[in-house]
Amino acid sequence: MAGFACSHSCLCHLLTLGTPAQEYRSGCQFEKHVWFPFPFLTGFPPPVLEIDDLYPLAGTDINVTCTGHVLTSPNLTLWLHGAPELPAPGETAWFLLTTREEDDGRNFSCEASLEVHGQQFIKTTMIQLRVLHKPQLEESSCPGNQTWVEGMEQMLACIPKGNPPLLVCTWNGVIFDLQVPQKATQNHSGIYCCTATNQLGSVSKDIALVVRCDCGPLLPGPGWKPPGVWDSYPDVERREISVGWGG
């Protein structure tokens, strides 16, 4: 069996694995013919991971499929995370997924393993799924009642759910910038209308904002006098006692 050697700056391997030899080259130049042991095989191509639609609507059925690269051996073993069963060596790994809103941002991975002369070589491919669903303005992430402290830098708290969401809030008919902190004043009190929109629809919500005064302890006003001792015991009967001194 003949092989070939490569310069240090390139990747060349001879693939045999019990099948007719295949040469996997990547910008390589032959230097001389040598015998190559398989433990040197570390650069076999990663598996091919495919999803029918990377941006499906929630509730859509999609196929997640993992196959070996055409340059790898048919004896390759694939493990697709989420698949109910591990396929036989050389077979395609796949499963059917009904997308949910919770699957938005979910990462899928497929692992290809190759055993050569008692040594295990592994390559992994990952892909991310984005699930499109109608926008939502939930109370947990966009409270309907909010309070600011006067004089403090504040921002209206409203984070929509949906993919991708576009949020616009208006105050007294004017678009309110949610990204810029505002120095809270009493003039900021009022009702804000926020609308989240994507290609599937839109949803609106009113937010009642109250700005409270951080004025410190209250000082007594004119005419104020401290309460008498009897004011602290309203249920105790009061009696006046006259005390005289004899001559």
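Buried means under 20% relative accessible area, exposed means over 50%, and partly exposed lies in between, with a 1.4 Å probe and protein chains only. By that definition cysteine 158, at 9% relative accessibility, counts as buried. The structure is a predicted model, in which local features need pLDDT of at least 70 and side-chain atom pairs count only at pLDDT 80 or more, while totals for chains, interfaces and linings use all residues. Residues are numbered from 1 along each chain as its sequence is written, and side-chain values use heavy atoms, with hydrogens and water left out.

**Disulfides**

- A disulfide is taken as a pair of cysteine sulfur atoms within 2.5 Å, and by this rule the count comes to three disulfides.

*Cysteine 66 and cysteine 110*

- The sulfur atoms of cysteine 66 and cysteine 110 are 1.8 Å apart and form a disulfide.
- This pair links distant parts of the chain, 44 residues apart, with cysteine 66 in strand β4 (residues 61-67) and cysteine 110 in strand β7.
- The torsion about the S-S bond of cysteine 66 and cysteine 110 is about -85°, so this disulfide is left-handed.
- Cysteine 66 is buried, with a relative accessible area of 0%, and cysteine 110 counts as buried at 0% relative accessibility.

*Cysteine 142 and cysteine 158*

- Cysteine 142 is joined to cysteine 158 by a disulfide with an S to S distance of 2.1 Å.
- The pair links distant parts of the chain: cysteine 142 lies in the loop between β8 and β9, and cysteine 158 in the loop between β10 (153-154) and β11, 16 residues apart.
- The disulfide of cysteine 142 and cysteine 158 is left-handed, because the torsion about its S-S bond is about -90°.
- Cysteine 142 counts as buried, at 0% relative accessibility.

*Cysteine 169 and cysteine 194*

- Cysteine 169 and cysteine 194 are joined by a disulfide, S to S 2.0 Å.
- The pair links distant parts of the chain, from cysteine 169 in strand β11 to cysteine 194 in strand β14, 25 residues apart.
- The link of cysteine 169 and cysteine 194 is right-handed, with 110° about the S-S bond.
- Cysteine 169 is buried, with a relative accessible area of 1%, and cysteine 194 counts as buried at 0% relative accessibility.

*Cysteine 193*

- The closest cysteine sulfur to that of cysteine 193 is in cysteine 194, 6.9 Å away, which is too far for a bond.
- Cysteine 193 is partly exposed, with a relative accessible area of 28%.

**The five-stranded sheet**

- Five strands form an open sheet in the order β9-β15-β14-β11-β12, with mixed pairing; two strands pair if DSSP finds at least two bridges between them.
- β9 (145-149) and β12 (174-176) stand at the edges, each with a single partner strand, so one side of each is left without a neighbour in the sheet.
- Neighbouring strands of this sheet are turned by 35° against each other on average, direction ignored; the axes are lines fitted to C-alpha atoms, for helices over the stretch in contact, and angles run from 0 to 180 degrees between N-to-C directions.
- Strand β14 (residues 190-198) pairs with strand β15 (residues 201-212) in the antiparallel sense over nine bridges.
- Cysteine 194 stands opposite lysine 205 in β15.

**Strand β7 and its partners**

- Seven of the 10 residues of strand β7 (residues 107-116) are buried, so β7 is largely enclosed by the rest of the structure.
- Strand β5 (residues 77-80) pairs with β7 in the antiparallel sense over four bridges, and the bridge partner of leucine 78 in β7 is alanine 112.
- β7 and strand β8 (residues 119-128) run antiparallel and are joined by 10 bridges, and the bridge partner of leucine 114 in β8 is phenylalanine 121.
- The hairpin of β7 and β8 has two residues between the strands, and in this hairpin histidine 117 takes a positive phi near 55°.

**Asparagine 172**

- Asparagine 172 is placed in the loop between β11 (166-171) and β12.
- Asparagine 172 has a positive phi of about 55° although it is not a glycine.
- Asparagine 172 is exposed, with a relative accessible area of 65%.
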